[in-house]
Amino acid sequence: MSETTYFVNKTCILNDILGCMEEETQYICITRPRRFGKTIMANMLGAFLGKRWNSSLIFDHLKIAESEKYQKYLNQYDLIYIDFSRLPENCTSYQQYISQIITGLKNDLIDAYPDYKLKSETAVWDKLEGSDHRK
């Protein structure tokens, strides 16, 4: 894709976002009108930060690779990706969808961090706070 005529390298924004991760306030709010690339940017951020696969083949030849932060952050994080744009086929309400997401998150955290002995009754946010590898 990056070798095509109409590819626009937007990886420079990753450098700004990575800078936010090093500050005390680590929350980022990205607001733009519909169709302005928010989802694409979120997917790029996920591909860059996520541990699930080695994305160096995607980013090594792009502008972000010149950043001093490149190696420090590339593929270093477990990610949670939730698409709220449409209900799954087996859901009849957003409340049911949110319930499924919470149950799925709890189960994933229990599986990912067995040493923490997490319980399914624990609130998902308590689980996330407790799963930062600090023992």
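The model is a predicted one, and the values given here are computed from it. The protein chain holds six helices and zero strands, and about 580 Å³ is the volume of its second largest pocket.

**Overall build**

- Followed along the sequence, the protein chain reads as the pattern α-α-α-α-α-α, in keeping with its count of six helices and zero strands.
- The C-alpha trace of the protein chain extends over about 50 × 40 × 30 Å when it is taken along its principal axes.
- The protein chain has 135 residues, of which 25% count as buried.
- When contacts between residues at least 6 apart in sequence are taken together, 44% of them join residues that are at least 24 apart.

**The second largest pocket**

- The second largest pocket, with its volume of about 580 Å³, is lined by 20 residues, and those closest to its centre are F7, V8, K10, I40 and M44.
- Two elements, helix 2 (38-49) and helix 3 (56-59), are the ones that give two or more residues to the lining of this pocket.
- Helix 2 supplies the largest share of the lining of the second largest pocket, which amounts to five residues.
- By residue class, the lining of the second largest pocket is made up of 13 nonpolar residues, six polar residues and one charged residue.

**Cysteines**

- A disulfide is a covalent bond between the sulfur atoms of two cysteines.
- With a cut-off that asks for two cysteine sulfur atoms within 2.5 Å, the count for this model is zero disulfides.
- For C12, the closest cysteine sulfur is that of C20, and because the two sulfur atoms are 15 Å apart, they are too far from each other for a bond.
- For C29, the closest cysteine sulfur is again in C20, and the distance of 12 Å is likewise too far for a bond.
- C12 has a relative accessibility of 41% and so counts as partly exposed, whereas C29, with a relative accessible area of 68%, is exposed.

**Residues with positive phi**

- R35 is a residue other than glycine with a positive phi, near 70 degrees, and it is found in the loop between helix 1 (12-21) and helix 2.
- The relative accessible area of R35 is 80%, and R35 is therefore exposed.
- N75, also a residue other than glycine, has a positive phi near 55 degrees, and its place is the loop between helix 4 (70-73) and helix 5 (94-112).
- N75 has a relative accessible area of 15%, and because buried means under 20%, N75 is a buried residue.

- A42 is located in helix 2, the element that gives five residues to the lining of the second largest pocket.
- The relative accessible area of A42 is 43%, and A42 is therefore partly exposed, since that class lies between the limits of 20% and 50%.
- A42 and L109 are separated by 67 residues in sequence, and in space their C-alpha atoms are 22 Å apart.

Key. Residues numbered from 1 in each chain as written. Predicted model: local features only at pLDDT ≥ 70, side-chain atom pairs only at ≥ 80, totals over all residues. Heavy atoms only, no water. 1 Å grid on protein atoms, 1.4 Å probe; cavity = no way out; pocket = protein on both sides within 12 Å on 5 of 7 lines; lining within 4 Å. Points joined across faces, edges and corners; volume = space filled by probe spheres on them. Helix = DSSP H or I, 4+ residues; strand = E, 2+ residues; numbered from the N terminus. Nonpolar A, V, L, I, M, F, W, Y, C, P; charged D, E, K, R; others polar. Buried < 20%, exposed > 50% of the residue type's maximum accessible area, 1.4 Å probe, protein only. Contact = heavy atoms within 4.5 Å.
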